[in-house]
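Please keep the structure open beside them as you read.

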Amino acid sequence: MMSVAFLGIGWFLADYIRGQGKQVDTGSTMPLSQAIPPQHDTSPTNLQAAWADFKAVVGEENISTTDDDLTSHAGSEWSSYPSLPGDRPFAVIKPGSTEDVSKIMKICHKRRIPVTAYSGGTSLEGHFAATRGGICIDFSRMDKIFKLNKEDLDVVVQPAVGWESLNEELAEQQLFFPPDPGPGAMIGGMIGTGCSGTNAYRYGTMKDWVLSLTVVMADGTVVKTKQRPRKSSAGYDLTRTFIGSEGTLGLVTEAVLKVTPLPQNTRVAVCTFPTIRTAADCVFSVVGAGVPIAAIEILDDVQMRCINDSGTTRRSWQEVPTLFFKFSGTPTAVKEHISMVQGLAKRSGSKTFEFAKNKEEGDELWSARKEALWSVMAKKRDASDHVWTTDVAVPISRLADIIGETKDDISKSGLVGSIVGHVGDGNFHAIILYNDAEHDVADRVVHRMVKRAIEMEGTATGEHGVGIVKRDYLPHEIGQEAVDLMRKMKQAFDPLCLLNCDKIVRVQQPKPGEVQEW
Ligand SMILES: Cc1cc2nc3c(=O)[nH]c(=O)nc-3n(C[C@H](O)[C@H](O)[C@H](O)COP(=O)(O)OP(=O)(O)OC[C@H]3O[C@@H](n4cnc5c(N)ncnc54)[C@H](O)[C@@H]3O)c2cc1C
Ligand SMILES: *[C@@H]1O[C@H](CO)[C@@H](O)[C@H](O)[C@H]1NC(C)=O
Ligand SMILES: *[C@@H]1O[C@H](CO)[C@@H](O)[C@H](O)[C@H]1NC(C)=O
């Protein structure tokens, strides 16, 4: 009897293991052909029931279903992705804590409701388009700076703290947080896109300024990636896995950020050039000479005209290719760096080299650069015009070539488009004006710019991220296998594809004609 029973159990076990074997996906990567299309439930009955569940967590006053809110939480005027009418969440939910977010995700997980995350809403590539409907989690209530550990040079914050207000607070302690993306951007979204900005040349990108994250996973599990040490070899780098993941792997509800002493003695200079190529050549020689300047920005003649015409600065500008330089350090160091750069600029053919008179003028100049996009938007001929901001980066030795070729290409296309960028890192943007009839022309210009960058061993995006618009460039840039590995990661973190589904990697085959020919 005993042996028969054992035999039975043995068979059962073997069967069970064999059965499991069939279920387990044994591949290291996940090609698109093997991806299981997401099975969401966005039926009215399910959403209605979910609404009551959400209400129990955050209260009716922290759920919005107004038309304006739904639209503004699914796209923006400055995004290069034209939101489709159906790309809207059914509700915008505003949690107040990590626990709230966890409870919301448990509801969404149980009910299979897709989710998009929203912080400052300044991202540019269709990052928070609600392609699957569902809900948008708006972090605006989670806007506290929890604790500044001054001796340790770190600060604990919630996701809706803006980089500008954070720096206002830090300045009181002579401290500074360098990543500086678009005005209005917030820590949650900055982690989402792995952003940079004008300070990245000197200080590095968002990836270099985050020590640890608290993240809510797709099923509501709360994970903390690390404590607060400056360095750690403790296992996989979960912190960096979430940085730049665009809300597809988890929701950031708290972050520990590094801070650094506020730079003293900052000076800003403006240097004009006869052509965009000579300006880009100057960048190459300054970077090559290793002058430790704080930032170098390029702005072409079109961009300078837009800034001049926008009248946002008191100064009037020559409408020619221009480099903005920022110097910082001890007074002697700044003096030395300035004279080195002046020499190199002259050799590259610069026409003028002028300094901002004082701190106010320097700040104004820098904000004119930061608001370059708004000054191009001000050039819209009528309400049907759009702007397309696109971003690539190349190894610095190829910068002059790609900027020169792209500028020529924009001119030939007949569209108005400016070139502007954080060129010290080989990173630049084109900001293109177009209307619906010109959409395909703009699309081709962007496509050729990205292709050029990838063929020069560069990247489809230096800082803005992939969103929806840049997805199909990834296989060309890093290879199909690497993209399939990313899809496998996505699947491991979020098997139901609840979190910002369709961003970064596709989970379903594209429609015919959707992917541009390479
Ligand atoms: C005028 C202008 C200038 C800009 N200049 C720069 C620049 O110099 N450098 C640069 O890098 N970018 C720049 N940008 C782009 C933009 O500012 C950055 O991408 C920024 O990091 C986005 O932050 P946000 O808070 O607005 O994010 P959002 O747009 O709210 O979100 C960005 C992404 O992160 C996700 N997300 C948001 N919150 C969370 C969270 N709590 N947890 C997980 N995921 C989340 C979203 O779903 C989305 O995928 C500019 C934009 C504008 C409009
Ligand atoms: C909704 O948000 C407001 C503002 O933050 C807050 O005071 C209130 O307590 C929230 N409601 C609930 C039920 O959490
Ligand atoms: C810049 O704008 C000012 C004010 O509108 C204008 O007077 C000036 O001529 C412009 N500069 C150039 C070089 O066109």
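1. Let me begin with ligand 3. One of its nitrogen atoms is 3.4 Å from a polar backbone atom of tryptophan 317, a polar contact in the sense of a pair of N or O atoms within 3.5 Å (within protein, one must be able to donate a hydrogen and the other to accept it, and residues adjacent in sequence count only if both atoms are side-chain atoms). Taken alone, ligand 3 exposes 360 Å², of which the protein buries 38%; accessible areas come from the Shrake-Rupley method with a 1.4 Å probe, and for residues only the protein chains shown count as cover.

2. Before going on, a word on the basis of these values. This is a predicted model, in which local features need pLDDT of at least 70 and side-chain atom pairs count only at pLDDT 80 or more, while totals for chains, interfaces and linings use all residues. Residues are numbered from 1 along each chain as its sequence is written, chains are lettered from A and ligands numbered from 1 in the order in which they are written, and side-chain values use heavy atoms, with hydrogens and water left out.

3. What else surrounds ligand 3? The residues around it are Asn308, Ser316, Trp317 and Glu319, where near means that a heavy atom of the residue lies within 4 Å. A polar side-chain atom of asparagine 308 lies 2.3 Å from an oxygen atom of ligand 3, and a polar side-chain atom of glutamate 319 lies 3.3 Å from an oxygen atom of this ligand.

4. Ligand 2 has Val58, Gly59, Glu61, Asn62 and Arg141 around it. Its oxygen and nitrogen atoms both take part in contacts: an oxygen atom is 2.8 Å from an N or O atom in the side chain of arginine 141, and a nitrogen atom is 3.0 Å from a polar side-chain atom of glutamate 61. The backbone contributes through valine 58, with a polar atom 3.2 Å from a nitrogen atom of ligand 2. On its own ligand 2 exposes 360 Å², and the protein buries 46% of that.

5. Now to ligand 1. Of the 39 residues around it, Ala117, Ser119, Gly120, Thr122 and Ser123 come nearest. Polar backbone atoms reach its oxygen atoms at alanine 117, at 2.7 Å, and at methionine 186, at 2.8 Å. A backbone N or O atom of glutamate 246 lies 3.2 Å from an oxygen atom of ligand 1. Taken alone, ligand 1 exposes 990 Å², and 97% of that is buried by the protein.

6. Which elements build the shell around ligand 1? Those giving two or more residues are β3 (115-118), α6 (187-193), β10 (251-258) and α13 (372-377), and α6 gives the most, with five residues. Helices (H or I, at least four residues) and strands (E, at least two) are DSSP runs, numbered from the N terminus.

7. Why does ligand 1 lie between two domains? Domain 1 (38-262) and domain 2 (266-466) both give residues to its shell, so ligand 1 lies between them; the domain bounds come from an automatic or database domain assignment.
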